[in-house]
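Thanks for coming, everyone. Let me put the structure up, and then we'll walk through it piece by piece.

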Amino acid sequence: MKKVLVTCPPMLGMFEEFVEPAKLLGLDLVAAKTTQVLSEQELMTLLPEYDGWIIGDDPATKQVFEVGIRGRLKAAVKWGIGIDNVDFQACKDLGIPITNTPNMFGGEVADVGIALLLGLARKTYFIDREIRNNFGWPKPAGMSVAGKKVGVVGFGDIGESLVKRLGGFDVDVTVFDPGVEGDKGYKYVTRHEFPRGVEELDFLVFTCALNKHNYHMLNADVISKLKQGVMVVNVARGPLIDEAALIDALQCGHVAAAGLDVFEVEPLPASSPLREMPQCIFGSHNGSNTKEGVRRATHQAISYIAEFLNSQR
């Protein structure tokens, strides 16, 4: 039986459901004690004792893999879509087979993106908090979504799923994605190179992968070009946005509100000024976490890690 360390929080939340199916494939799954990520030092202590690793958003660095293969580590799978935290080149150099589980959560994450957009526009979350905290019976004026302009950064699985859902809201959509051509048949979509046209947007939604080219793509310079009162949504990766610049824009009112499921540092530090902004909505990097989505990705991850490990007998 091959021992496999699991450090992915959504999978850990339904862990017992996957233990027996994994055993049928010759895998002994072991749940890590974590709520978000383990540190490099924690990983370097644990990994040499395991044959495989199903990775969450942990720092899967070259150093971590080098220490792992000095012990038993022979293969890894990045659970989910994003791979920015994993050094795939190091795995290639070290001879560690690895893959991710792409195209698993486009609809799930897009649903959260729509929920955040509507929550910001109609201030539903703010109203809920005010009532729960016994602050009266607030009736703030919201924003009608119909007729507005929405920018979507990324036109992959998540971005396209979001665009598809936006089609029912009578909005104009501008898509920014240099890696995808055309409008994919969505006649209400216009294509631009980021940040061209951002000054026209009422909402700006991030759904793309993080890479070395788009780190802090929403920075102070781009924010200065945005329309006064724009609303920002991020269901992708925190470092796409220069958080300090966004905080400044929120504090002065240039950006009216933000819906953030992801942050530059996770969990969000207790000292973050964002916590003092009731106009914003925050998540816990949980956009993909539905029971159906977790099952889909986990069974794929287990299948991949079993294939890698069993082929090395």
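So, to start: which elements do the buried residues of H4 pack against? They pack against helix H3 (40-46), E3, strand E4 (75-78), helix H5 (88-94) and strand E5 (98-100). Contact here means heavy atoms within 4.5 Å. Buried means under 20% relative accessible area, exposed means over 50%, and partly exposed is in between, with a 1.4 Å probe and protein chains only.

Quick housekeeping. This is a predicted model, where local features need pLDDT of at least 70 and side-chain atom pairs count only at pLDDT 80 or more, while totals for chains, interfaces and linings use all residues. Residues are numbered from 1 along each chain as its sequence is written, and side-chain values use heavy atoms, with hydrogens and water left out.

Now the overall picture. We have 11 helices and 12 strands; those are DSSP runs numbered from the N terminus, helices being H or I with at least four residues and strands being E with at least two. The C-alpha trace spans about 65 × 50 × 35 Å along its principal axes. For 313 residues, a compact globule would have a radius of gyration near 20 Å, and the protein's 21 Å agrees with that. That radius is taken over C-alpha atoms, and the globule rule is 2.2 Å times the number of residues to the power 0.38. Of those 313 residues, 50% count as buried. And if you take contacts between residues at least 6 apart in sequence, 63% join residues at least 24 apart.

Back to H4. Its buried residues are Val-64, Phe-65, Val-67 and Gly-68. Looking down the axis of H4, they fall within an arc of 165°, so they line one face of the helix. The arc is that of the directions from the helix axis to the C-beta atoms.

Keep an eye on Phe-65, please. The structure holds six aromatic pairs, and Trp-53 with Phe-65 is a tilted one, at 5.7 Å centre to centre with 55° between the planes. The rule is that rings of Phe, Tyr and Trp (its six-membered ring) pair if their centres lie within 6.5 Å; planes under 30 degrees apart are stacked, over 60 edge-to-face, and the rest tilted. Trp-53 sits in strand E3 (residues 52-55) and Phe-65 in helix H4 (residues 62-70), 12 residues apart, so to speak of the pair is to speak of a link between distant parts of the chain. Both Trp-53 and Phe-65 are buried.

Elsewhere, ring pairs link Phe-155, Tyr-186 and Tyr-188 into a cluster. Phe-155 has a charge over it too: the charged end of Lys-184 sits 4.6 Å from the ring centre. Likewise, Lys-3 lies over the face of Tyr-50, at 4.7 Å from the ring centre. To count, NZ of Lys or CZ of Arg has to be within 6 Å of the ring centre and within 35 degrees of the ring normal.

On to H2, residues 16-23. Its buried residues are Phe-18, Val-19 and Ala-22. Down the axis of H2 they fall within an arc of 120°, so these residues also line one face of their helix. They pack against helix H1 (9-13), strand E2 (27-31) and H11.

H11 covers residues 291-310 and includes Ala-306. Is Ala-306 buried or exposed? Buried, with a relative accessible area of 3%. Not counting residues up to four places away in sequence, Ala-306 touches Leu-25 and Leu-27.

Another alanine for you: Ala-110, in helix H6 (residues 106-122). Ala-110 is buried, with a relative accessible area of 0%. Leaving aside neighbours within four places in sequence, Ala-110 is in contact with Ile-158, Ser-161, Leu-162 and Arg-165. Its C-alpha is 4.7 Å from that of Leu-162, 52 residues apart along the chain.

Most residues other than glycine have a negative phi, and most peptide bonds are trans. Where are the cis bonds? One runs from Phe-194 to Pro-195, with omega near 5°, and Pro-195 is in the loop between strand E8 (189-191) and strand E9 (203-206). Another runs from Glu-266 to Pro-267, with omega near -5°, and Pro-267 is in the loop between strand E11 (255-260) and strand E12 (281-282).

As for phi, Asn-103 has a positive value of about 55° although it is not a glycine. Asn-103 is in the loop between E5 and H6, and is exposed, with a relative accessible area of 59%. Asp-170 also has a positive phi of about 55°. You'll find Asp-170 in the loop between helix H8 (157-166) and E7, exposed at 57% relative accessible area.

That's my tour, thanks.
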